Amino acid sequence: MARKQSAPAAAAANNGAAAQQGPIVIELDKGWAAMCVGFEKLKSIIAGEVGVFFKSDEYINLYTTVYNMCTQKPPHDYSQQLYEKYKEAFDEYIRNTILPSLKEKHGEFLLRELVQRWKNHKIMVRWLSRFFHYLDRYFILRRLLTPLKEAGWDRFKEQVARVFIPMILQEYYVFNELKETVTGIVIGMVDDERDGQIIDRSILKNVLDMYVELGGSDTKLYEEDFEVAFLKSTADYYSKKAQTWILEDTCPEYMIKAEEYLQKEMDRIGHYLHDSTKNKLMEVAQRELLSKHLDQILKKENSGCKVLLCDDKVEDLSRMYRLFFRLDVNGLTPVSKLFKEHVNEQGMSLVQQAIDAAINKKNEKKDVVGALELDIVRKILELHDKHRAYVTDCFQGHPLFHKALKEAFEVVCNKDVAGCTSAELFASYCDSILRKGGIEKLSDEAIEENLDKVVTLLGYISDKDLFVEFHRSCNVLGKFEARDIELIVTTYQAALLLLFNDSDRLSYSEIVAQLKLSDDDTVRVLHSLSCAKYKILKKEPSNRIIAPSDVFEFNSKFTDKMRRIKVQLPPSDEKKKVIDDVNKDRRFAIDAALVRIMKSRKISTHQNLVAECVEQLSRMFKPDVKMIKRRIEDLITRDYLERDPGAVNSYRYLA
């Protein structure tokens, strides 16, 4: 007789039977229905329904359902189907919830709605990717499929933001239209801000961040779907602005507006545009505002670059440099060219004024060089000071402007005036200020400062050796009873004065014997020291004529209010003598340079030999090519060189 089993025993028996039959299979439809319940609850949470949230066991059950459906043995392994349904869940949510909400909005309200929907979509992706996490860990990894997070974002991109029109689904035309609308609204808001209106920058940042996020690992989507249109719109905007400003505004007014707007474009990068847009945006804005109108801005009538230089508009010139520096060499080269032209024009105007003044002085039979030294040289120094300050302060010491200043003054400082070379003028100016402080009666400190400025300008003079010859002098310390005085004298004058260190009295014949000078030179030197303005020597007899019977002694009682004086030689044909001496020295210098070059090269063409000779000697003077040719012929005659019989226009060095 069988006995009736108790309830626990029966349950155990049933469980045992179930265990023998294997785990319960979750069919796709049933499992997916359970997942859909979770989806609906998630939608309610995202929609902000009060009191709706996931309990921990609900979350675990959803994860477990997916896990079980993916780990069942075939044909009940639904990994592939769940992956597809995961994406379909987003498609359904976008079609039924997101798109209808967007279609109802316009303008800025559309952007706000889009930003909020994207934020909600990311929340949904985060939750669903947790529920389906087992797919990411195994199935997706093995099949090399798109990860869950990226796949979820792609659904939004493809159906809401991406510019593509699948020809199969007519409804997707709306998505393309929405994408273009959003880009147009963003650009419109940027233009409003450019025109001075207040906009909500946070909305623009969120929308543009969405473009970047949807692009994944690169900014291709942002660039193609927004940046291209934005840059085109920017070009159109500034093209119109520039055309209006160039007609209505002066050069300074145009530059103020351009700088202000360009700075605001830079600010836009920091507030809501992506960093990758920076260079492209600034290039477009600068092209439309500056590059395309460069000549019109710089040469604006009554207010262009040269006018600003004439009127000493330091602030405007500084702004001009800042603006066109943005264009690098392409922008600064035209500015430096105008700067060079202006300096050249100003300098040549001074030269012409000096020529006119010299003609008047000559008609009045006054000292031409004396008048010029105090006029043109002083004005050229002032001109250089002014424009060097522009280079330093306004143009930030840029090499292009240093070069422009140098080239302009090389022209101005090498112009002859009324038969006087620039070397002679500068030498005479130096003599003038050393002798009596110039027309301004300069202090010792001011004299030093002026001499330093002259040294700078000497760098522009091609005939430096001629200046040296004109200005050749020595400094001798005269120890007089009242006080010591520095005497600025020529070499001959210095040599003669030094004779009195060993003798109290010297006759004319003794001086000639010791200095070995010609009578003409001796008379001129003695006259300058005993009969002119500064009587450093006493002469017997005391008259203004130097005779072979005269006797001279040092004047220990000499005094002067200046601590440094220039002792001038009496007028003579000194200029011709100086020029002759310089030309003689130049011949020797050219000969030496030619021999050095040929000794090194052994063989050289005529063209190369002349070019290298000019280069070597250009630091002191600019050799005349005809003179170089004559010196080559002379060296051939003297058997230093010979013509190369095997090559035309070539020379060979003879050891």
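Predicted model: local features only at pLDDT ≥ 70, side-chain atom pairs only at ≥ 80, totals over all residues.
Residues are numbered from 1 along each chain as its sequence is written, and side-chain values use heavy atoms, without hydrogens and water. Local features need pLDDT of at least 70 and side-chain atom pairs count only at pLDDT 80 or more, whereas totals for chains, interfaces and linings use all residues.

A pair of aromatic rings is described by the distance of the centres and the angle of the planes. Rings of Phe, Tyr and Trp (its six-membered ring) pair if their centres lie within 6.5 Å; planes under 30 degrees apart count as stacked, over 60 as edge-to-face and the rest as tilted. The structure holds 29 aromatic pairs. In one of them, the ring centres of Tyr-67 and Tyr-134 are 4.9 Å apart. Their planes stand at 80 degrees, so this pair is edge-to-face. Tyr-67 belongs to helix α3 (residues 56-71) and Tyr-134 to helix α6 (residues 133-143). The pair thus links distant parts of the chain, 67 residues apart. Helices here are DSSP runs (H or I, at least four residues), numbered from the N terminus. Tyr-67 is partly exposed, at 35% relative accessible area, whereas Tyr-134 is buried, at 15%. Buried means under 20% relative accessible area, exposed over 50%, and partly exposed in between (1.4 Å probe, protein chains only).

Phe-226 and Phe-230 form a stacked pair, because their planes lie at 20 degrees, with the ring centres 5.2 Å apart. Both residues sit in helix α10 (residues 220-248). They are four residues apart, which means a separation of about one helical turn. Phe-226 is buried, with a relative accessible area of 0%. Phe-230 is also buried, at 1%. Elsewhere, ring pairs join Trp-32, Phe-39, Tyr-86, Phe-90 and Phe-132 into a cluster.

Charges over rings were also examined. Such a charge is NZ of Lys or CZ of Arg within 6 Å of the ring centre and within 35 degrees of the ring normal. Arg-194 lies over the face of Tyr-237, 5.4 Å from the ring centre. The charged end of Lys-264 sits over the ring of Tyr-261, at 5.7 Å from its centre.

Helix α23 (residues 508-515) meets helix α24 (residues 519-530). Tyr-508, Ile-511 and Val-512 in α23 contact Asp-519, Thr-522, Val-523 and Leu-526 in α24, with contact meaning heavy atoms within 4.5 Å. These residues divide into five nonpolar, one polar and one charged. Nonpolar covers Ala, Val, Leu, Ile, Met, Phe, Trp, Tyr, Cys and Pro; charged covers Asp, Glu, Lys and Arg; the others, Gly among them, are polar.

How values were computed
Axes fitted to C-alpha atoms, helices over the stretch in contact; angles between N-to-C directions. Helix = DSSP H or I, 4+ residues; strand = E, 2+ residues; numbered from the N terminus.
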